[in-house]
Amino acid sequence: MRLNHLLATAAVALGMATSAFADDKTKVGFVYVGPVGDGGWTYEHDKGRLAVEAEFGDKVETVFVESVPEGADSERVMTQMALQGADLIFTTSFGYMDPTINVAKKFPNVKFEHATGYKTAENVSVYSARFYEGRAIQGHIAGNMTESNIIGYIGSFPIPEVIRGINSAFIHARKVNPDVEFKIVWAYTWFDPAKEADAAKVLIEQGADVILQHTDSTAPLAAAAAAGNVVGFGQASDMAEFKDGPRVSSIIDDWAPYYIARTRAVMDGTWETMSTWDGIGAGMVGIGEITDKVPADVKAEALALKAALADGSYHAFTGPINKQDGSVWLADGETADDGTLAGMSFYVEGIEGDIPQ
Amino acid sequence: MDLSAINPALLLASLLVAATPILLAGIGELVVERAGVLNLGVEGMMITGAICGFMATIVTGSPALGFLFAATGGAALSFLFALLTQYALANQVASGLALTLFGLGLSSLLGQDYVGLKPPSTPQLDIPLLSDIPFLGTVLFSHDAIVYLGIALVAAVWATLKYTRVGLVLRAVGENHDAAHALGYKVVRIRVLAIMFGGACAGLGGAYISLVRVPQWTEGMTAGAGWIALALVVFASWKPWRVLLGAWLFGGINVLQLNLQAAGVAIPVEYLTMSPYIITILVLVIMSADKSRAPASLGRIFHASS
């Protein structure tokens, strides 16, 4: 009984946190999976929201709810936003996929934009960034930087986006360092600094001297800094505050241009269902400054790789690539198609362990 | 699979570290509940302690002052709860939940200028000689002072509750506040002090996350540790040593499952991930099969006139 009471009260309290709207403006809602101060994923989405405000000034009103759990709770938050008159709602985590579709059915006049998912509808667009392009550069640097040849990887959930990142990083690390080995830990959370720090510590204790993360907080970098002599990367945001420590580069998500474009489309009435998947070339994925810790030649190679990914002359998944079981996935020179990438659920050859089902 | 990659000494050492935040918060809440008050605001007090400790450490450069300030911050926040529930006679469940929400909001407000800073590290008390013992040295004698403080607090709370007059009075207040009042004990005053003790402990636990375990400030960084501490108290049947056992189990299996994952053990990750919760609950449920029960006045509002 106590738990029920607790949940009900929490629900009421959360509901009140969303503020009321005025009527003549375009209202844009954002649903965040972590706090805006996470320094990573949600922080960058919120920068996109602020950019929308800066672009349209008085003509737009934004509202956001942070730390919304994936699942049923998020459905309630979205419904609340729609009821309060939002015209456009961005739901910014993979786990909001089905809730977004469900709520969108109930509010045909509200436009929804779901990040990193694959289900669209009349009024639901999806958008994502080709983070795996950034992971390729990360893998290249990581493979060069590791001395123990063990690279630790903190995964969040075993979804295609994360698996793509692991594969891309691994392929490019192996390319420069055939002895490299990945140790992968699934944290089953996007944001839990204590758990992320624990995971990083465990990987370091087991010999990893490069830590890659696909979770949202800066805790793994802090753990790497505490351990000393460990290299890490900024995830989703630049995390430049660790520049003097473990951070040698970063993958930066830049949502602002997309959010502005889509908000304008709603204002103009030109909004249509779209599947957007942009990478380094379109500027949705940025690569943070590569620090001097990285040898100059490695840095030059990484930048060349970035340029090739940006102009499309190189695809991060270019054959020959075998699947983990040894079967051929991509023949020599063949590149992966977006459909396979979007649903990727296998490791490439050389990665040990199984993907949790 | 490569189990040799796991170093048992380091594993046990990180067990003690991982258990400390929930241990501190749990033992504090135990005292509060033994006094008959249910404070669901542990999460809020922890996160407030986390930011207070972090701020004080950054400003003064001294982790010791940071922990002191964290305890003060946690106690101050809990005093708010004490005012609401003991003097204004508000509902304890609602007040506790409000305290959690308030603490989360307050901490992110306070912490805005502290994102991304690195606190001075908390010194390890490498006890001379003892920390050089091959295995035990790493496991037991190379931690920071707060780890030992946590264990000492459990012992102190246990001894106080069991053997001292103060402990007897506290328990009397928790079991039957009307009778305690009739005997002339200051029910409200005792409860307020217990609540503030709980707040101070939760604050320490929170600061341990932001100063030692992570160490940095991020909004919402306690991420539910307060709720786990609350659950520990119930499953530990309000007995101090069982809180310690539960915290070790939970922290230990959490660290172990990460280690097993990294070593590539062929147990599905889902089972590993849920194991800390399941095993902790199982063991504590089995242990609580004896006759112990919640303090009889737990959660009931006391007013001298009623």
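What is the handedness of the crossing of helix 2 of chain A and helix 9 of chain A? It is a right-handed crossing, shown here in a predicted model.

**View 1. Helix 2 packs against helix 9 in chain A.** Helix 2 of chain A covers residues 41-56, and helix 9 of chain A covers residues 256-268. Their axes lie 8 Å apart, at an angle of about 50°.

**View 2. Residues at the contact of helix 2 with helix 9 in chain A.** Helix 2 of chain A brings K47(A), G48(A), R49(A), A51(A), V52(A), E55(A) and F56(A). Helix 9 of chain A meets them with A256(A), Y259(A), I260(A) and T263(A). By class, six residues of this contact are nonpolar, two polar and three charged.

**View 3. The side of chain B that touches chain A.** Here 37 residues of chain B contact 37 residues of chain A. Helices 1 (8-34), 4 (92-110), 9 (187-213), 11 (240-262) and 12 (269-287) of chain B each supply at least two residues of this side. Helix 11 of chain B gives the largest share, six residues. The side of chain B has 21 nonpolar, 12 polar and four charged residues.

**View 4. The helices of chain B.** Chain B has 12 helices and zero strands. Its radius of gyration is 20 Å, close to the 19 Å of the globule rule for 306 residues, so chain B is as compact as a globular protein of that length. The C-alpha trace of chain B spans about 65 × 50 × 40 Å along its principal axes. Buried residues make up 53% of chain B.

Key. Residues numbered from 1 in each chain as written. Chains lettered and ligands numbered in written order. Predicted model: local features only at pLDDT ≥ 70, side-chain atom pairs only at ≥ 80, totals over all residues. Axes fitted to C-alpha atoms, helices over the stretch in contact; angles between N-to-C directions. Helix = DSSP H or I, 4+ residues; strand = E, 2+ residues; numbered from the N terminus. Left-handed = near helix turned anticlockwise from the far one by under 90°. Contact = placed C-beta atoms within 7 Å. Nonpolar A, V, L, I, M, F, W, Y, C, P; charged D, E, K, R; others polar. Rg over C-alpha atoms; globule rule 2.2 N^0.38 Å. Buried ≥ 20, exposed ≤ 12 C-beta atoms within 10 Å, placed from the backbone.
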